[in-house]
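I opened this chain to go through its fold, its core and its charged pairs, and I kept notes as I went.

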Amino acid sequence: MSELPLKRESVRRQVLLALALALALGLLLAGAIAAKHGLFSRQAELYFVADSAAGITPGLSVRLSGFRIGSVTDVALQDDLKVRVTMQIEAERFAALRADAHAEWFKEQLQAAVIDLNPGVAAAPLSPTDPRVTLGRRRTLTEVANDLRNRLVPILDDLKQVSSTVAQRKDDLGAALANTQAASAQLAAASSELRALLSQARGRVSTVGEQAQQAMGQVPGLLSQVSQTLVRLDGAAQQARGTLDGVNARLPALLSSSGDTLEQLNGAVRDLRAVSAAASATLPGVLRSTGPLLDDTRDMVGGVRAAWPVRALVAPPPSALVPLDSHDGARLRESNAR
């Protein structure tokens with residue numbers, strides 16, 4: 001009867017020891033969790049104001065450069081219907097935040113939402129009396145997919161319309177293809193004709209080149225002739241220059257002799273004027289006595305012609321000339337001989 005109470009006492013002690021050990025392990029785990037969440041470290045508060053509290057709840061993790069440094073402690077609606085979100089982070093991390101610090105909310109697929117802090121680059125630190133940071137929302141994959149779907153849907157609709165239009169215009173497309181084939185055949189014929197024209201043009205260009213080469217071969221002879229002509233012109237110019245020099249040398253003497261001759265002519269003209277003036281005074285009387293002298297001379301000549309055979313001494317008048325259209329050359333010679 002005494003062994004049974006001893007066994008019960010031993011079992012009770014073992015159970016108490018197990019409970020104490022479990023309690024100690026629970027307290028140790030709770031302390032580790034509390035230490036991990038920063039319950040035993042100094043905390044600093046900061047906040048931001050958002051338009052909506054959608055996706056933001058107390059206990060939401062706050063990260064800096066990918067590491068958890070705190071969490072959201074309070075979400076309160078203000079009088080202006082804005083939402084004030086208060087966060088607690090480690091005090092030593094608070095010193096790294098600058099005045100332009102920025103909080104960004106994002107949520108990846110199948111993961112909890114996170115607030116990521118950007119410390120900023122301003123020179124001034126974040127004010128401890130009013131530690132307010134700005135807020136932005138990073139688009140999730142769902143939002144990106146929805147945006148992409150919204151962009152692709154109109155394009156797909158347009159493609160459907162185009163495909164339906166193509167199906168409706170199938171016959172027109174066949175005709176267009178036939179026209180394209182005919183146009184390509186005509187283009188091939190035109191290209192062949194163009195090649196033939198190019199070959200002819202090349203032949204003509206080669207002929208023109210040969211003629212140009214021949215002409216260039218004749219150019220030296222022409223240049224030599226031109227040079228000879230220029231030499232002759234140079235000699236003629238030198239002769240003309242010598243002649244002009246001789247004229248220039250003789251011109252003063254000629255001009256002086258011309259001046260003397262003009263003076264002599266002026267003197268002769270003056271003498272003629274004097275003679276004509278003297279003759280004009282005696283000429284009227286001479287002219288008046290000329291009439292009777294002429295009558296006497298006429299009478300004397302008439303008497304001599306009647307009294308003396310003057311006709312035998314005077315040659316008879318020549319016979320009449322033969323007309324130009326006459327062919328009697330002998331008569332013309334006889335007339336010339338007389």
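The entries below record what I looked up, starting with the ground rules.

**Entry 1: ground rules**

I am working with a predicted model, so I note that local features need pLDDT of at least 70, that side-chain atom pairs count only at pLDDT 80 or more, and that totals for chains, interfaces and linings use all residues. Residues are numbered from 1 along each chain as its sequence is written, and side-chain values use heavy atoms, with hydrogens and water left out.

**Entry 2: the chain as a whole**

I counted elements as DSSP runs, with helices (H or I) of at least four residues and strands (E) of at least two, numbered from the N terminus. On that basis the chain has five helices and seven strands, and along the sequence they come in the pattern α-β-β-β-β-α-β-β-β-α-α-α.

I then looked up burial, where buried means under 20% relative accessible area, exposed means over 50%, and partly exposed lies in between (1.4 Å probe, protein chains only). Of the 338 residues in the chain, 11% are buried. The chain exposes about 27000 Å², of which carbon and sulfur atoms supply 62%; this area comes from the Shrake-Rupley method with a 1.4 Å probe. For contacts (heavy atoms within 4.5 Å), I noted that 59% of those between residues at least 6 apart in sequence join residues at least 24 apart.

**Entry 3: the sheet**

In what order do the strands of the open sheet lie? I read the order as β1-β4-β3-β2-β6-β5-β7, seven strands with mixed pairing, where two strands pair if DSSP finds at least two bridges between them. The edges are taken by β1 and β7 (134-137), each of which has a single partner strand, so one side of each is left without a neighbour in the sheet. From one strand to the next the twist averages 30°, taken between axes that are lines fitted to C-alpha atoms, with angles running from 0 to 180 degrees between N-to-C directions.

Eight bridges join β1 and β4 in the antiparallel sense, and E45 has Q88 in β4 as its bridge partner. β2 and β6 are parallel, with four bridges, and R63 is partnered there by D116 of β6. β5 and β6 run antiparallel over five bridges, with A103 set against L117 of β6.

**Entry 4: the nonpolar core**

I take a nonpolar core as a set of buried Ala, Val, Leu, Ile, Met, Phe, Trp, Tyr and Cys residues joined through side-chain atoms within 4.5 Å. The largest one here has 24 residues, and F48 and I115 have the most contacts inside it. At least two residues of this core come from each of β1 (43-50), β2 (61-64), β3 (67-77), β4 (83-90), β5 (102-106) and β6 (114-118).

Which residues does F48 touch, leaving out those up to four places away in sequence? I listed I56, V83, R84, V85, M87, A103, I115, V133 and L135.

**Entry 5: salt bridges**

I counted four salt bridges in the structure, each being a side-chain nitrogen of Lys or Arg within 4 Å of a carboxyl oxygen of Asp or Glu.

D51 pairs with K82, with the closest N and O atoms 2.6 Å apart. D51 sits in the loop between β1 and β2 and K82 in the loop between β3 and β4, so this pair ties together parts that are 31 residues apart in sequence. D51 is exposed at 61% relative accessible area, whereas K82 is partly exposed at 32%.

R12 and E9 meet at 2.3 Å, N to O, and because they are three residues apart in helix α1 (residues 3-36), about one helical turn separates them. R12 is partly exposed at 44% relative accessibility, as is E9 at 28%.

E90 and R93 form another salt bridge, at 3.5 Å from N to O, and R93 is partly exposed at 41% relative accessibility. Through shared partners, salt bridges also join E9, R12 and R13 into one network.

**Entry 6: positive phi outside glycine**

I finished with two loop residues. S65, which is not a glycine, has a positive phi of about 60°; S65 lies in the loop between β2 and β3 and is exposed at 63% relative accessibility. L81, likewise a residue other than glycine, has a positive phi near 65°; L81 lies in the loop between β3 and β4 and is exposed at 62%.
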